[in-house]
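Here are my notes for you to read beside the model. Take them one point at a time and find each residue as you go.

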Amino acid sequence: MSNFLDALRERIVVFDGAMGTNLQTQDLTVDDYGGPQFEGCPEYLLVSRPSAIEQVHTQFFDVGCDVVETNSFGGLSIVLGEYGIAHMAYELNFKAAQLAKRIASDYSTKNKPRWVAGSMGPGTKLPTLGHITFGELKAAYTDQVRGLVDGGADMLIVETCQDLLQTKAALAAIFQHFEETKRRIPVIAQVTIEVFGTMLNGTEISAALTALEPFPIDIIGMNCGTGPKHMSESIRYLCENAPLPVSVLPNAGLPQVKDGAQHYDETPQSFTDQIIHFARDFGVNVVGGCCGTTPAHLKLVVEAMQQVTPKQRDVRLVPAASSIYSQQPYVQQNSFLIVGERVNASGSKKMRDLLGAEDWDGLISLAREQEREGAHILDVNVDYVGRDGVRDMHELASRLVTNIRIPLMLDSTEWEKMEAGLQHAGGKCILNSTNYEDGDPRFKKVFELAKTYGAAVVVGTIDEEGMARTAEGKLQIARRAHEQATGELGFPAHDIFFDPLALPISTGIEEDRRNALATIEGIRQIKRELPECFTILGVSNVSFGLNPASRVVLNSVFLHEAVEAGLDAAIVNASKILPLNRIGEREREVARQLIYDERKFEGDICTYDPLGEFTKLFEGVTTKKAQVDESNLSVEELLKKHIIDGEKIKLEERLNLALKKYPALDIINDILLDGMKTVGDLFGSGQMQLPFVLQSAEVMKTAVRFLEPFMEKKDTATAKGTMVLATVKGDVHDIGKNLVDIILTNNGYRVINLGIKQPVDNIINAYEEHKADAIGMSGLLVKSTLIMRENLEILNERGITVPVVLGGAALTRRYVDDDLSAVYRGQLTYAKDAFDGLYAMDALTGSGNGNNPEEKPTDSATTAEKDSIENDAEELVGEDAKLGISNLKKPRGVTAIKGDTTHTLRSDVRRDASVPRAPFYGARVVEDIPLDDVFALVNETALFKGQWQFKQGRRPAEEYRALVKDTVRPIYDELKERAKREGLITPRVVYGYFPCQSSGNDLVIYEDDERTERMRFTFPRQPELKRLCIADYFASQESGRMDVIAFHLVTVGRRASTYAQELFQKDNYTEYLYFHGLSVESAEALAELWHKRIREELGIAGRDAKEIQKLFHQGYQGSRFSFGYPACPNLEDQTKLFELIDPSRIDVELSEEFQLEPEQSTSAIIVHHEEAKYFSIE
């Protein structure tokens, strides 16, 4: 009924609670069920005791529920067959809907309509595990759908789904019935996530959404399995990512047996409180109850939902494929979507041999090999002349879906083989492919299959005239296919891949010479005109006919060029693709010339042919691999080469050599991580793609694993404490986490290392099982910081306050201390590296390591400890070093002030101070600032001691000066030279002068005419004592004098920020620490430099101190104040500064939290008054 869907936009719709639980309260006898044969079959009560069902429906309508579900959860013929009544499937479903509809009609009014949802349960057989075929299950659901619809159900709810393939069978039956009867009612699909965080088959919630979203369902949601506490993370995900309404029908907690009876632990009030949370905070549209929920539970839910209005959700659907285990987004960060090509009988001899022998285990092994080598999707093709391809696809796909974790691309020229594969794949597949070679019929047939089974489609650029050879022809076919698919066929653009077809350039035939160029240009044009769609390419065709060694090189260079043009996905054998840095410069250049047909002619005579040159380069070569003379390389260089090349051969031998010279920890930190730095540089410059970065990471892990037994371990009889350690959900990076594991383990701690991509329920379960002292969460991606925040909120919801240590490249101390600490009720610590994690655990467990607390990094101090730390000049950095105050305990702009800061009782600041003349009005941009001028004003104390942590501590002054001279300053000097040489720091300034006057606590800014008010800033005033306020330092409106104010914003550029992140992302802790510190202090130095320039332009620089250290402590006339600090705490005032001087001109932006981006930027109000100095409002 359409008014049901309309109601979802106006209010939260409430479903009923448990049928089974409330039948049990009626103490029904065996006779009530119709005799021993039917005991345990509630559906037969529709025949033997319908009043029992009527009573349950009535009870839920009495408490105000909008919808009741029919008593048909087990109404499949395959379930009813266990009681000998399979033949009654249609009849019982009809009766279930008819009875519920009669009662709903009695309760329904114009202002409060009541509806009936036809319940369709999962049955008792899992098709993914081979218990039943897709066709058999679909047929069983067809009878149920007919009965429920004919009986009057207003909607259908496919619920408690434990197997995605079962869900697809139900949906296929539903939508086929709608098509045949030309009648449509709303459809709801609900999956069940178990307490361990996935569906019964291991399906993550993201994979479930990806698999079900393509179907024309009206609502997606969750029910059963657990109580609301364990649903929180999954429901949040659905609400943030599902482009349709979301439902949640939890159990009344987890069942327990008490006094011989089943008991659920959620009371009506505690259950309702969590339902309110889901609706109000997440945006759930449909609520209700499942097992254990009674009319008492739903009564409170109904009352509560009357006070909640539907929340507008900001949905971010991720275009993706999925297996039955996990989601695979089409868009890869810094890479392309890799489709493994070896399980393809058309192109792989090994595949054909295994298929001919029907060696299914061998084929599974081949598929797993593709997965290990980095494939994101597995191409599956069983087209082999003389074999029954449909049978082969059934045999192979049924095994693949449970044995590999990546999605399938079903590849065939015959749609029947694709459908055979689809009938085993619960996840979302990609169909490869369709085209117009045989006109519209086959083109449409493949799209019909995709809509029936929920799949994406590859469209080849082939029409009735054959393969398109030009870029324009490829685009024309893509345009035609896009228009027909998205228009006539109603198919979403984000599930269409266009294959512009790679044709050989190795034949020497003139018409083939520009094949690669046409394909690359075709990709570029398709992406430009059809940006919502994706592109894919079978790469190896381009080199057909060449010898194997040359094919590897040509395929690799061609792939690189295609990706640069916008290619999204490639069908390749990842092990046969080389990153550009592993290809000789000459071979790479000639391959590029061949791809772009850069022949040279004199008249009609070809004087240079890249094809001939390329062929000569590989004459007699079986493996074109650079032969490097390693005899003159040191062991340090050899180990770095292992990391860069991703090579494990001889790795252990060389690690043993290194152990004779260095401790294991030094090998990791000083040699191996330096290799990873180079990998990061190659990756960042586009010369190494993500699969090869992962190969390097694997070698790094192997080396660390080999070195672990050689780490020095403290003598201890028992573990000092236990940490549960995990990389958060969605993040595959584990090097940093594993280093934390090693450092902690070798210092007496027990570590429960859960691995990568861990949902919060896994983390919580491990914490409870092992009674851990702390939880450590790691993540490299920016998105991981958001996941960490969500995890902390879920810990709060569960009443868990265990200490948590957070680390990872995207995290910053400021984000953890100022943002996340405000979220979490327990103790929260930021660890910038593995040793910080060790210090944090020492602090949390009270297991001192003998270090002087002053010598520990500040990040290791717990939140509680930080509150008691005295001001320490060695800890201060950036602006705080100038202020001479310790890091703020709370985020800037939120510090509570005692007393009235809005009073206007003026201070005693001089009112007759002279006003300098502004050199100009308005704002100007300054670039080309010499770096040496900036570095001359770097606060070395803040840099060396605060940022870099080279603290004097209890060392004698002479010893510390020697440390700075021999160790620290060489690092500083080298880093400055590198920053200049590589353009890592680019100082830029925007600043300006504006006429102004004060008015009470306001500073009024005028237009250049000095009359028209432009804007005003309102500043707080000290409640007592001197009653200082920034406005007091400017001439008042009553004085009749016009004053001047300067504003500036300085930055050292986005490159500084991105370079620092690149260092940290590659686990180069030391270089990250050094460069990040220098970039931050350089921004402060630039602010100091430009403040000096402004004083000079205003003619007040004569009072500047000669000694640089005094300048750092305001040894000059006037002062500068930064937003967020005590005298001007309102960060939102940054928006006014942006309006005045427009910092976008120097590529600085303002975040939603009014922070400057990039981080290494700072802004200020420049005050010229001779009495102006820093002050606090408190």
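**Notes on strands, charges and patches**

1. Start with strand β21: F534, I536 and G538 point one way from it, T535 and L537 point the other way, and all are buried. Buried here means under 20% relative accessible area, exposed means over 50%, and partly exposed is in between (1.4 Å probe, protein chains only). β21 covers residues 534–538, and five of its five residues are buried. Helices (H or I, at least four residues) and strands (E, at least two) are DSSP runs, numbered from the N terminus.

2. Before going on, please keep in mind that this is a predicted model: local features need pLDDT of at least 70 and side-chain atom pairs count only at pLDDT 80 or more, while totals for chains, interfaces and linings use all residues. Residues are numbered from 1 along each chain as its sequence is written, and side-chain values use heavy atoms, with hydrogens and water left out.

3. Which strand runs parallel to β21? That is β20 (residues 496–499), joined to β21 by two bridges. Two strands pair if DSSP finds at least two bridges between them. If you want a spot to look at, F497 has F534 of β21 as its bridge partner.

4. Now the salt bridges. The rule asks for a side-chain nitrogen of Lys or Arg within 4 Å of a carboxyl oxygen of Asp or Glu, and by this rule the count comes to 69. One of them links D597 and R599, at 2.8 Å from N to O. Both D597 and R599 are buried.

5. D973 and K976 make another salt bridge, with their closest N and O atoms 3.7 Å apart. Both sit in helix α36 (residues 957–982), and because they are three residues apart there, about one helical turn separates them. Is D973 buried or partly exposed? D973 is partly exposed, at 35% relative accessibility, whereas K976 is buried at 18%.

6. K1136 and D1133 also meet through their side chains in a salt bridge, 3.8 Å from N to O. K1136 has 25% relative accessibility, so it counts as partly exposed. D1133 has 5%, so it counts as buried. Elsewhere, salt bridges that share partners tie R236, R789, E790, E793 and D819 into one network.

7. Have a look at the surface too. E1007, D1008, D1009 and E1010 gather there in a patch of negative charge. Patches are made of residues with over 30% relative accessible area and no salt bridge; like charges are joined within 9 Å, and nonpolar side chains (Val, Leu, Ile, Met, Phe, Trp, Tyr) within 5 Å. For charges, Lys and Arg count as positive and Asp and Glu as negative, with His and the chain ends not counted; the place of a charge is NZ of Lys, CZ of Arg, CG of Asp or CD of Glu. D1009 lies in the loop between β32 (1002–1006) and β33 (1013–1018), and it is partly exposed, at 31%.

8. Finally, V195, F196 and L200 make a nonpolar surface patch of about 240 Å². Accessible areas come from the Shrake-Rupley method with a 1.4 Å probe, and for residues only the protein chains shown count as cover. F196 is in the loop between β5 (187–191) and α9 (205–212), and V195 lies in the loop between β5 and α9 as well. F196 is partly exposed at 40%, and V195 is partly exposed at 33%. V195 and G227 are 32 residues apart in sequence, with 8.9 Å between their C-alpha atoms.
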